Amino acid sequence: MTRPVFLATAGELDPAAPGGTVVLGGDEGRHAATVRRIRTGEEIDLVDGAGLRVTGTVADVSRDRLTVTVSAVATDESPAVRLVLVQALAKGGRDEQAVEAATELGVDAIVPWQAARSVSLWRGAKAEKGRIRWQAIAASAAKQSRRARVPTVHEATGDLTAVVTAMLAGGGTVLVLHEEAAESLTAALLPEAGEVAVVVGPEGGITDVELAALQQAGARAVLAGPHVLRTSTAGPAALAVLASRLGRWD
């Protein structure tokens, strides 16, 4: 069985070096000690969410912290091509399901999208509350899938044209999943560096006006297989295909 992963707060892993010790405290330390019931002698990984991975053996356990003797320190390198999920807000928690699955499949960043047909609305303080919730979901999923990097959840947007323009300027590609697209996801040209973004609409789909605006900005409509997928599964399914094409699963 792979080692369990716990997410340290900023600075906790700074003194980590083979042979030394680090302390995992706060909410994560309490969770490890009282919920996961990690015990002395167990081997675990501590990560900082930005790629740093510290492997060690638990030397001491108290109610709200672990002391870990470090055996190895490594950095999980960032991929040359970063995968981005642009996920439309959806009702019934389907958008959150997409965030969770996409994180497990290796997405590097997530952009919440207030699409024209989104039933769920993020307005005012609710927008930041929603972003924070998505970030927490991503952090939990990253730990479950043993990742050292936690995807960044950006601020929600209602206009994707600026997002598309910025990604294209950086040498990236934006692919809009659409059931009437002529180009296949499996054949879409991918960059050797930069970002590949997958745009997923809400339950009612992307409007013709939205699709036209995205294409005018430089995005490409692609077909993700023969079936129409739910908003909760379309993004993760497309990301799995792209991860395989980019050699992430080799």
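This is a predicted model: local features need pLDDT of at least 70, side-chain atom pairs count only at pLDDT 80 or more; totals for chains, interfaces and linings use all residues.
Visitor: What makes β1, β3, β4, β5 and β2 an open sheet?

Guide: Strands are DSSP runs of E with at least two residues, helices are runs of H or I with at least four, and both are numbered from the N terminus. Two strands pair if DSSP finds at least two bridges between them. The five strands follow the order β1-β3-β4-β5-β2, with mixed pairing. β1 (5-7) and β2 (21-24) are the edge strands, each pairing on one side only. From one strand to the next, the twist averages 40 degrees.

Visitor: How do you know that β3 and β4 pair?

Guide: The criterion is at least two bridges, and β3 (residues 43-47) and β4 (residues 52-61) have five, in the antiparallel sense. Therefore they count as paired. Within this pair, E43 stands opposite T57 of β4.

Visitor: Which bridges tie β5 to β4 and to β2?

Guide: β4 and β5 run antiparallel and are joined by nine bridges, with L52 partnered by T75 of β5. These two strands form a hairpin with four residues between them. β2 and β5 also run antiparallel, over four bridges, and V23 has T67 of β5 as its bridge partner.

Visitor: Which annotation covers residues 24-70?

Guide: An unreviewed UniProt entry annotates residues 24-70 as "domain: Ribosomal RNA small subunit methyltransferase E PUA-like". UniProt positions are given in the numbering used here, feature names are shortened, and annotations may be inferred rather than shown by experiment. In the model, the span is 21% helix and 45% strand, and its end C-alpha atoms lie 12 Å apart.

Visitor: Why are β8 and β10 placed at the edges of their sheet?

Guide: The open sheet has seven strands in the order β8-β7-β6-β11-β9-β12-β10, with parallel pairing. β8 (152-153) and β10 (183-184) each have a single partner strand, so one side of each is left without a neighbour in the sheet. Strand β7 (residues 109-113) runs parallel to β8 and is joined to it by two bridges; I110 has V153 as its bridge partner in β8.

Visitor: Why is α2 called roughly parallel to α6?

Guide: Two packed helices are described by the angle between their axes and the distance between the axes. Helix α2 (residues 94-104) and helix α6 (residues 231-245) pack at about 20 degrees, with axes 7 Å apart. That angle makes α2 roughly parallel to α6, since angles under 35 degrees count as roughly parallel, over 145 as roughly antiparallel, 65 to 115 as roughly perpendicular and the rest as oblique.

Visitor: Which residues bring α2 and α6 into contact?

Guide: Contact means heavy atoms within 4.5 Å. R94, Q97, A98, A101 and A102 of α2 meet T231, S232, P236 and L239 of α6. These residues divide into five nonpolar, three polar and one charged. Ala, Val, Leu, Ile, Met, Phe, Trp, Tyr, Cys and Pro count as nonpolar, Asp, Glu, Lys and Arg as charged, and the others, Gly among them, as polar.

Visitor: What makes α4 and α5 roughly parallel?

Guide: Helix α4 and helix α5 (residues 208-217) pack at about 25 degrees, with axes 9 Å apart. That angle makes α4 roughly parallel to α5. T161, V164, T165 and L168 of α4 make the contact with A213, L214 and A217 of α5. By class, this contact has five nonpolar, two polar and no charged residues.

Methods: Residues are numbered from 1 along each chain as its sequence is written. Side-chain values use heavy atoms; hydrogens and water are left out. Axes are lines fitted to C-alpha atoms, for helices over the stretch in contact, and angles run from 0 to 180 degrees between N-to-C directions.
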